[in-house]
Amino acid sequence: MTDLTPPKIQLVLITGLSGSGKSVALTALEDMGFYCVDNLPPELLEAFIALEQSHQASKVAIAMDVRSAASLPGLPQRLALLINNSDRRVALTTVFLDATTETLVRRFSETRRLHPLSLKTADDQQRALTDAIEHERELLAELRDKALVFDTSLIRPAQLRSQIKDLLGSTQAPLTLVFESFAFKRGIPMDADFVFDVRMLPNPHYEAELKPMSGRDAAVANYLAAQPEVGEMQDQIVDFLRHWLPKMLRDHRSYVTVAIGCTGGQHRSVYLVEQLAQVFSSEWAARVRHREIDGWPVRGPQASY
């Protein structure tokens, strides 16, 4: 007897702000074996999934954004109906790409592209672009709320591709924790769910032999491990997360980003991120991201986004 049950399909929805890197994310997913479609109208979502399942597809990625502004408000409901339909057998991951308004304005200016919501007739195009970006944020706020968020403001396209592959290419766990170190002087990551400030801790930067190293080096790790305040901070963050993460899981959160910041994002925050990832790796899927020491973006045009 022929089994007519459609195969379970892994669906990744790519959305986010215009100019934030959706084409880069789609390319990364295509490299991972996903069948990718850009700018699919939300009204065609269920019919498209049914078609792909009839073709025995198992991995599909779709980009949707404000280019479908008229039908965008109904997308969350369409997604809920799709994943709750037992006949469809869909596992959904929503990826939201974000960036600061300043970054997006610069990217649009450098590439001379027109924002999808911009008014061509506006007298002040710079102001019109800023208004369009902020309006776009409002339209996409509901989708962002429970998505896996990537802040692309301060990373290269190659870093974004690597992060996409790392988080979506692994076996899906009930909850994935991303521990991210950063420098406060370069801004707080927009993708952070929790932010911890560790600038009050002893700083290896002022030890001549430790200054050129990072929190991943044994000498720095030994120095920080010997400081009582560092251990106290680590224990308090662990207790906080162990209390709240199960509640976030009950709220259907699949990804949580915990950002640890110090002045330069090189020593204290890096050390604590490594330690926290090690502590939680036995309980959840844990990933590490070091925004500053993993590669600072080259200044200049970012047309590849």
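Buried means under 20% relative accessible area, exposed means over 50%, and partly exposed covers the range in between (1.4 Å probe, protein chains only). By that scale Asp-251, at 39% relative accessibility, counts as partly exposed. The model is predicted: local features need pLDDT of at least 70, side-chain atom pairs count only at pLDDT 80 or more, and totals for chains, interfaces and linings use all residues. Residues are numbered from 1 along each chain as its sequence is written, and side-chain values use heavy atoms, with hydrogens and water left out.

**Sheet**

- An open sheet is formed by five strands in the order S2-S3-S1-S4-S5, with parallel pairing; helices (H or I, at least four residues) and strands (E, at least two) are DSSP runs numbered from the N terminus, and two strands pair if DSSP finds at least two bridges between them.
- Strand S2 (35-38) and S5 are the edge strands, each pairing on one side only.
- On average, neighbouring strands of this sheet are turned by 20° against each other, direction ignored; the axes are lines fitted to C-alpha atoms, for helices over the stretch in contact, and angles run from 0 to 180 degrees between N-to-C directions.
- Eight bridges join strand S1 (residues 9-16) and S4 in the parallel sense.
- Val-12 stands opposite Thr-93 in S4.

**Salt bridges**

- The structure holds 18 salt bridges, each a side-chain nitrogen of Lys or Arg within 4 Å of a carboxyl oxygen of Asp or Glu.
- Glu-134 forms one of them with Arg-137, and the closest N and O atoms are 3.7 Å apart.
- Because Glu-134 and Arg-137 are three residues apart in helix H5 (residues 125-145), about one helical turn separates them.
- Glu-134 is partly exposed, at 32% relative accessibility.
- Lys-146 forms a salt bridge with Asp-251, with 3.8 Å between the closest N and O atoms.
- Lys-146 lies in the loop between H5 and strand S5 (148-151) and Asp-251 in the loop between helix H8 (228-250) and strand S8 (255-262), so this pair ties together parts that are 105 residues apart in sequence.
- Lys-146 is also partly exposed, with a relative accessible area of 46%.
- Asp-166 and Arg-287 meet through their side chains in a salt bridge (3.5 Å, N to O).
- That pair links distant parts of the chain, 121 residues apart: Asp-166 is in helix H6 (residues 157-168) and Arg-287 in strand S9 (residues 285-290).
- Asp-166 has a relative accessible area of 38% and is partly exposed.
- A network of salt bridges links Lys-22, Asp-38, Asp-65 and Arg-67.

**Pockets**

- On a 1 Å grid over the protein atoms alone, a pocket is an open set of points where a 1.4 Å probe fits, with protein on both sides within 12 Å along at least five of seven lines; lining residues have an atom within 4 Å of a point.
- Grid points are joined across faces, edges and corners, and a volume is the space filled by probe spheres set on the points.
- The volume of the largest pocket is about 850 Å³.
- Its lining has 23 residues, of which Ile-83, Leu-92, Lys-146, His-252 and Ser-254 are the closest to the centre.
- Helix H3 (75-84), strand S4 (90-98) and H5 are the elements that give two or more residues to this lining.
- Twelve nonpolar, seven polar and four charged residues make up the lining of the largest pocket; Ala, Val, Leu, Ile, Met, Phe, Trp, Tyr, Cys and Pro count as nonpolar, Asp, Glu, Lys and Arg as charged, and the others, Gly among them, as polar.
- The second largest pocket holds about 200 Å³ of space.
- Of its 14 lining residues, Lys-22, Ser-23, Asp-65, Arg-67 and Arg-113 are the closest to the centre.
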